[in-house]
Amino acid sequence: MYGRRMTTAGAGADLACLAVLRHCTCFSKLTQIHATILKFGLHNNGVILTKFTAVSSDLGAIDYACSFLFSPNSDLHCHDTFLFNTVIKAYADTPHLKRTGVCYYRKMLRHGGGGADPNNYTYPFVFKACAGIGDLKLGQSVHASAMKLGFHFHAHVANSMIHTYCSCEGGIGYARKVFDEMPELNVVSWSTMIGGYVKSSMSSDAIKLFRSFQIHGERPDEATMAMVLSACADLGALELGRWVEAYMVRENLPMESEIVYNAMIDMFAKCGDVDKALKLFRKMPPGKRTVVAWTCAISGMALHGRGLEAVSLFEEMKGAGVVPDDVVFIGLLSACSHSGLVKEGWRYFDSMVTEHGIEPRVEHYGCMVDMLSRAGFVEEALKFIDKMPMAPSPVIWRSLVSACRSRGQLALGERVSKNLIVQDPMEESNYVLLSSVYAKSQDWAKKTRAREAMGKKRVQKIPGSTMIELAGDIHEFVAGDKCHAEYPKIYEMADEMETKIRAAGYVASASEVMLDIDREDKEGALHRHSERLAMAFALLKTPPGSTIRLMKNLRVCDDCHSATKIISVVYRREILVRDRSRFHHFKNGLCSCKDFW
Ligand code: ZN
Ligand code: ZN
């Protein structure tokens with residue numbers, strides 16, 4: 001009789017408890033419910049425990065739930081698959097606690113057999129945690145255990161596995177292997193793999209895969225198209241980007257979705273047609289213009305050195321009631337930096353804290369140092385670095401050295417770049433900086449020693465390369481390149497260019513020549529620089545008067561910059577060069593950067 005009464009009371013209590021849990025919105029209520037669970041002996045009720053865990057997770061208190069669920073004297077018999085999945089999902093969704101999610105997955109495996117075996121819902125959560133951690137070995141070990149239990153062929157599981165591999169350094173090859181072995185590819189698999197290539201800066205592979213996807217006959221969704229557009233943006237492939245736009249119209253794919261629209265604006269800005277980007281932005285229904293869309297437009301302006309327009313867009317954004325975030329400030333401050341708007345830059349930087357309550361990150365400080373350095377305020381830049389609340393990044397120091405070099409503060413430049421080499425002896429650009437400081441001070445012996453030191457340490461050099469898109473194909477050139485099928489003609493053209501621009505008054509800049517003179521291969525000569533070869537190729541292959549668009553992976557060198565200005569006059573061409581940090585628009589002997597980059 002006593003027992004029966006308990007059961008009845010328990011049955012009522014569990015329903016009541018579930019109802020209270022459903023309306024629980026704060027931690028203090030959660031602790032009260034916890035007490036109720038213990039009081040009515042509901043700690044063995046799987047449904048209640050799972051709900052309790054889910055609510056705890058929503059309240060950011062998953063640790064609290066787990067300390068109760070997995071305490072040494074808790075009864076693990078009611079811990080079923082569903083409960084474990086809830087716990088793993090909660091940790092996978094919590095930054096900094098993703099590893100704990102994987103620990104619970106391991107606990108689940110050890111506990112297995114008691115109704116708590118992993119199922120196909122478990123793995124996407126575990127892999128999400130692994131992707132967040134970005135540890136390739138960990139991903140591989142979970143992959144192996146999914147395989148052992150036969151879940152790796154499940155489309156959901158395999159897709160999350162691809163995502164994990166794409167999120168780990170060096171994992172892209174493994175991702176592709178999983179992708180190739182799937183029998184059941186769906187649109188998510190394709191998008192994830194294409195996105196993986198984009199994230200790994202393998203945008204040509206992303207485009208190639210997209211072409212196979214089309215042949216495969218499946219309909220891409222918004223996420224796929226956004227990825228393809230960002231691959232085009234990365235490659236600076238305007239023709240390809242335009243083709244994607246036309247393709248979307250032809251296939252009646254929804255362009256008005258926010259992610260596609262933003263990706264389209266970003267693509268046009270990064271591929272050199274910033275006016276089209278702006279036009280698209282203006283066509284966007286004002287209600288859809290989130291801070292991301294404004295950021296694409298403002299950063300696009302920054303990239304093209306149209307600082308004043310970036311500033312007025314920012315003011316317009318605030319006027320429209322859109323609240324700025326930290327990312328839009330990076331675009332805005334870099335616009336101020338690239339256009340020499342020092343006063344405005346200071347004002348906006350200060351307003352981050354005073355008006356918007358946004359704590360500047362190291363990237364924002366970086367924009368400010370870059371701005372001061374470019375404008376030649378070396379002392380101010382140094383003072384600013386001294387006051388930074390965090391350790392300055394190498395990028396910040398490099399901006400300062402560039403400023404020292406161009407303002408003749410060579411002793412400081414030498415000291416800072418030597419420090420950079422101590423911090424990161426395997427980074428090529430640190431040696432290049434130091435040797436460029438020596439070149440400026442015409443100290444050739446020290447410069448040669450700096451180059452030799454780099455050689456001794458076997459620092460890997462990143463070769464400068466320039467890409468050009470022609471009739472849907474991407475051609476890539478490196479300095480002294482002889483890989484191209486038509487290289488004899490290209491070299492001939494490069495020589496002709498050199499003769500013509502010299503006749504028009506071009507003089508190779510001394511310090512840059514000296515930088516090259518100690519390279520053994522004479523192919524490294526200036527007029528064999530990758531952008532010169534790409535320009536020669538473009539002049540051979542494109543109709544007279546058409547715009548030439550180039551993409552350079554590093555910063556344009558001083559010498560190619562002045563040569564390109566003269567080429568734009570001699571050959572009557574507009575030349576657009578996207579380098580590592582901005583666009584240069586060469587026209588009639590001038591560059592849009594006003595020689596300030
Ligand atoms: Zn060059
Ligand atoms: Zn320029």
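The views below come from a predicted model, in which local features need pLDDT of at least 70, side-chain atom pairs count only at pLDDT 80 or more, and totals for chains, interfaces and linings use all residues. Residues are numbered from 1 along each chain as its sequence is written, and side-chain values use heavy atoms, with hydrogens and water left out.

**View 1. Helices α3 and α4 pack together.** Let's start with α3 (residues 46-58) and α4 (residues 62-69), whose axes lie 7 Å apart at an angle of about 150°. The two are therefore roughly antiparallel to each other. Contact (heavy atoms within 4.5 Å) brings Leu49 and Phe52, among others in α3, to a group in α4 including Ile62 and Phe68.

**View 2. Lys128 pairs with Asp93 in a salt bridge.** Such a bridge is a side-chain nitrogen of Lys or Arg within 4 Å of a carboxyl oxygen of Asp or Glu. Here the closest N and O atoms are 2.6 Å apart. Lys128 sits in helix α7 and Asp93 in the loop between α5 and α6, so the pair ties together parts 35 residues apart in sequence.

**View 3. Asp370 and Arg374 form a salt bridge.** Their N to O distance is 2.6 Å. Both belong to helix α21 (residues 362-374), four residues apart, or about one helical turn. Asp370 is buried at 17% relative accessibility, and Arg374 is buried at 15% (buried is under 20% relative accessible area, exposed over 50%, partly exposed in between, with a 1.4 Å probe and protein chains only).

Definitions and conventions: Chains lettered and ligands numbered in written order. Axes fitted to C-alpha atoms, helices over the stretch in contact; angles between N-to-C directions. Parallel < 35°, antiparallel > 145°, perpendicular 65-115°, else oblique.
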